[in-house]
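Please open the structure in a viewer and keep the selection tool at hand. The stops below are to be visited in order.

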Amino acid sequence: MEDSNKSIGKGINRIDGILKITGKATYATDYPAKNMAYAVLFKSTIAAGKIKSIESTEAQKYPGVIKIITHENILPLNTKGGLRGGALLQSPEVTFHGQHIGIVVAETFEQATAAAHLITVEYNQKEEKIDFDNLAKTPEMPKGKELADLVRGAGKSALADAEVKIEASYETPIEHHHPMEPHATVAVWEGDQLTLYNGSQIINGAQTAAAATLNIKPEQVRIISPFIGGGFGSKGGQWANLVLTAVAAKMVGRPVKLALTRQQMFNSVGLRQRNIQQLSIGATKEGKLLTLAHETISHTAVDSEYIEPCGDCTKVMYEVPNSLISYRVVPMNLILPTYTRGPGKSTGSFALESAMDELAYTLKMDPIELRIKNEPAKDTSNGKPWSSRTTVKCLQEGAKAFGWAKRKPEPGTNKIGDDLIGYGVACGTYPARQRDSSAVIKLSLKNKVVYATIEIAASDLGTGTNTILAQTAADGLGLPVKQINVKLGDSDLPPAAGSVGSVGASSFANAVNDACIKITDELLAKSGKQFFVRPTAAQLMISEYIADFQTRSDSKAPAEAEKYSAHSFNANFAEVRVNSVTGMVKVTRFLAVTGAGKILNPKTARSQIIGGIVWGIGMALTEESIIDPRYGNFATRSFADYHVPTNLDIGDLDAMFINEKDFIPNKMGVKGIGEVGIVGVAAAVANAVFNATGKRVRSLPITPDKLL
Amino acid sequence: MRSETQNLNHLKQGDCTVNLTVNGEQKILQVQPWVSLLDGLRDHLNLTGTKKGCDHGQCGACTIICDDKRILSCLTLAVMKNGSEITTVEGIAHGNELHPIQQAFIDHDAFQCGYCTPGQLCSAIGLIKEGKAQTREEVKELMSGNLCRCGANIGIIDAIMEVKAGGGHE
């Protein structure tokens with residue numbers, strides 16, 4: 001039974017909501033600074049080659065221009081300091097279209113923008129590598145060890161003996177994160193101390209990368225990021241713009257504000273790469289899997305490697321004696337790809353779960369039954385037992401709630417007017433981990449009321465971190481939420497993990513919870529008394545008349561966690577209507593059922609899962625970036641060309657959570673939901689489209705032209 | 001209506017004077033004619049609640065209420081609005097009393113990161129005033145100029161429908 005006095009587990013409103021609906025939440029560019037100068041980046045218009053000359057005489061003379069910074073005059077920076085994507089103006093080399101090649105600093109934003117347009121650049125152009133379709137015919141082995149071929153049993157060769165085979169190639173396009181807040185920085189130097197107001201999913205990561213790149217000490221850099229206007233992976237690792245703002249501020253001796261334009265967001269802060277995934281499944285006539293091969297070809301930058309792990313879901317989803325996971329890569333003259341919501345798992349699950357649907361159809365078997373039939377007893381990729389696994393529960397409870405029984409197995413048979421109706425299902429997973437994090441709790445007693453301040457260099461990019469930490473502290477200290485002040489988003493606070501890879505909630509909440517236990521223990525010791533019932537920290541502060549008390553806890557994952565495979569799991573159910581005349585697909589209903597351990601706040605958690613579904617719908621139906629093969633730049637350069645889902649695109653979405661108690665991965669039993677929410681969504685939609693139309697679309701997004 | 005000649009005179013003088021009533025207060029902007037209303041509010045009046053999401057009129061983050069209509073402040077030059085009455089997110093509430101749409105946004109968790117929220121709120125108020133959208137589908141369509149990348153769409157529409165149903169209170 002849930003304790004009704006507890007705050008954890010209650011869907012309370014966001015504690016920072018009031019700031020967000022009154023315009024008082026401060027994002028990077030909202031910080032004022034005296035004597036601010038404005039910087040604008042200008043970018044290369046070729047994809048490969050060398051800058052021959054930069055003609056900036058006119059721009060230099062332009063009213064208000066303070067300085068123009070290029071590779072010829074920039075301060076030396078450490079290009080291996082931990083920023084992603086290069087583009088630090090340290091050489092005339094150009095490796096992708098849209099690489100930053102200079103900065104204009106002026107008195108106003110408008111002057112800087114206008115002056116940047118007066119600059120002309122000459123290049124010695126090289127032939128660019130940009131044609132993925134062609135290059136993918138001769139890909140390379142990736143350098144990363146974790147991307148080496150993973151073969152179990154007889155690998156793919158077992159396919160030959162299988163009674164039933166599915167062999168198909170699935171494609172996912174380039175996608176962009178496009179948080180509503182474009183990446184932006186305000187840099188302020190005071191002597192050799194630097195303050196960077198900058199949306200950062202990993203506060204300490206941004207601090208160390210900025211410091212190392214600038215060749216200064218981490219303690220000389222302070223990152224301030226209490227609010228982040230979305231990130232989705234693009235504000236995890238930081239990009240050149242962060243440090244270029246700092247350099248500009250140093251070089252002009254004034255605070256500088258630099259915000260990327262929306263157009264610049266396409267080629268400044270990473271992207272989700274295009275993937276070609278070959279799925280090969282061998283099974284018995286009864287639907288038992290014999291072999292499963294998942295071979296991915298991706299692209300990366302010419303000078304740096306990032307490959308999203310598309311085979312990750314395939315490693316752990318099904319019981320299969322023979323398997324192959326492999327990656328091949330093509331270096332291209334394009335910005336470095338990076339972590340994008342559900343990295344590898346969202347794209348990989350599209351291929352895997354589409355292929356499973358194809359197998360179910362071939363076998364004339366219900367796709368839910370096929371999945372349950374191949375449920376693995378342990379993690380086949382490493383032999384470890386599951387800390388707990390909720391896939392079957394997710395499928396069964398979801399099927400009931402969604403009305404799966406109403407699905408007509410034969411495609412194209414459910415029709416209302418011009419609309420074809422289809423149901424689809426797909427599963428997903430994401431690892432559950434806790435990362436090292438520290439938290440300080442400061443208690444104070446004022447007029448017999450105890451107040452707590454929680455300090456942790458965590459981040460809240462809209463996920464609800466502020467709120468869940470207040471709830472955790474409320475329960476841990478015996479205080480109401482309103483007496484708790486959460487301070488995060490500042491590198492001067494105790495170091496913490498990032499809001500990335502679904503580690504935020506588990507890492508931060510466990511750190512705060514540990515600190516609550518520790519402070520209560522210390523207050524007990526200080527009292528020197530024995531109690532029958534353990535008092536709360538708040539009670540001890542009052543009974544012992546303690547005005548101020550504080551402690552710090554440094555938390556890490558339990559050692560036991562290593563012995564198990566811990567994951568969040570989900571099952572996604574989609575209902576689509578496909579207009580048989582126009583080919584338009586509408587997701588009319590969607591249900592995600594998630595097993596993610598303890599849900600700290602069902603209201604914010606539901607929002608996050610629904611956000612994942614919306615992302616998945618964008619991935620399934622609308623989002624795609626196209627490269628212009630003549631120049632290597634994007635033909636899709638604004639929200640008019642790159643379609644993120646709008647209010648009108650969103651039907652009836654719902655999220656349910658499995659009541660799961662799994663305290664192996666961490667003491668609080670929190671597994672994380674940010675990533676898993678998108679995993680399996682696109683496949684569920686694609687499978688529903690097949691069920692509606694009989695057309696198997698293996699290339700995302702499912703635009704009308706692919707259905708007509 | 002201001003005449004074209006008047007505006008040209010402003011141009012010759014360099015910085016233009018723009019008189020605005022912003023959230024009930026008289027404000028004088030001294031800006032060059034190419035300054036957008038959005039940048040005027042943010043950089044010159046320090047009203048940073050209104051957000052820049054694309055600067056191209058494609059995302060709705062900069063939506064404000066100008067003379068009772070929702071407009072995109074990034075596609076509007078400040079000089080075009082001399083004499084106008086403007087409400088930004090900072091001016092929606094009456095003192096400490098939230099506008100019903102603000103409370104509904106909190107109750108329905110109609111935002112995550114909060115960056116699109118000022119625009120969504122102003123757009124919602126404008127939409128309700130327009131009185132065109134009646135059904136949920138119509139509200140969705142007429143709120144589709146405001147993007148939300150966190151995917152809070154359902155909460156946004158629920159919040160607006162609730163306030164619409166409550167009717168009349170402003």
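B:Gly126 belongs to helix H4 of chain B, residues 117-130; helices (H or I, at least four residues) and strands (E, at least two) are DSSP runs, numbered from the N terminus.

The model is predicted: local features need pLDDT of at least 70 and side-chain atom pairs count only at pLDDT 80 or more, while totals for chains, interfaces and linings use all residues. Residues are numbered from 1 along each chain as its sequence is written, and chains are lettered from A and ligands numbered from 1 in the order in which they are written.

Next, display B:Ile65, B:Lys69 and B:Arg70. Neighbours within four places in sequence aside, these are the residues in contact with B:Gly126 (two residues are in contact if their C-beta atoms, placed from the backbone, lie within 7 Å). Then pick B:Thr17, which is 109 residues from B:Gly126 along the chain; their C-alpha atoms are separated by 27 Å.

Turn now to where the two chains meet. Chain A contributes 43 residues to the contact and chain B contributes 47. On the chain A side, helices H1 (17-21), H3 (109-116) and H14 (602-621) each supply at least two residues. H14(A) has the largest share, eight residues. The chain A side comprises 20 nonpolar, 16 polar and seven charged residues (Ala, Val, Leu, Ile, Met, Phe, Trp, Tyr, Cys and Pro count as nonpolar, Asp, Glu, Lys and Arg as charged, and the others, Gly among them, as polar).

Within chain A, colour domain 1 (31-127 + 180-230 + 235-267), domain 2 (342-433 + 562-707) and domain 3 (434-556) separately; the bounds come from an automatic or database domain assignment. The C-alpha centres of domains 1 and 3 of chain A are 37 Å apart. Their contact takes 16 residues from domain 1 and 14 residues from domain 3. On the domain 1 side, helix H5 (203-214) and strand S11 (221-224) each supply at least two residues, and H5(A) gives the most, four.

Finish at helix H12 of chain A, residues 504-527. Its 24 residues should span 34 Å at 1.5 Å a residue, and the end C-alpha atoms are 34 Å apart, which agrees; the expected span is 1.5 Å times one less than the number of residues. After H12(A) comes A:Gly528, whose phi is positive, near 70°.
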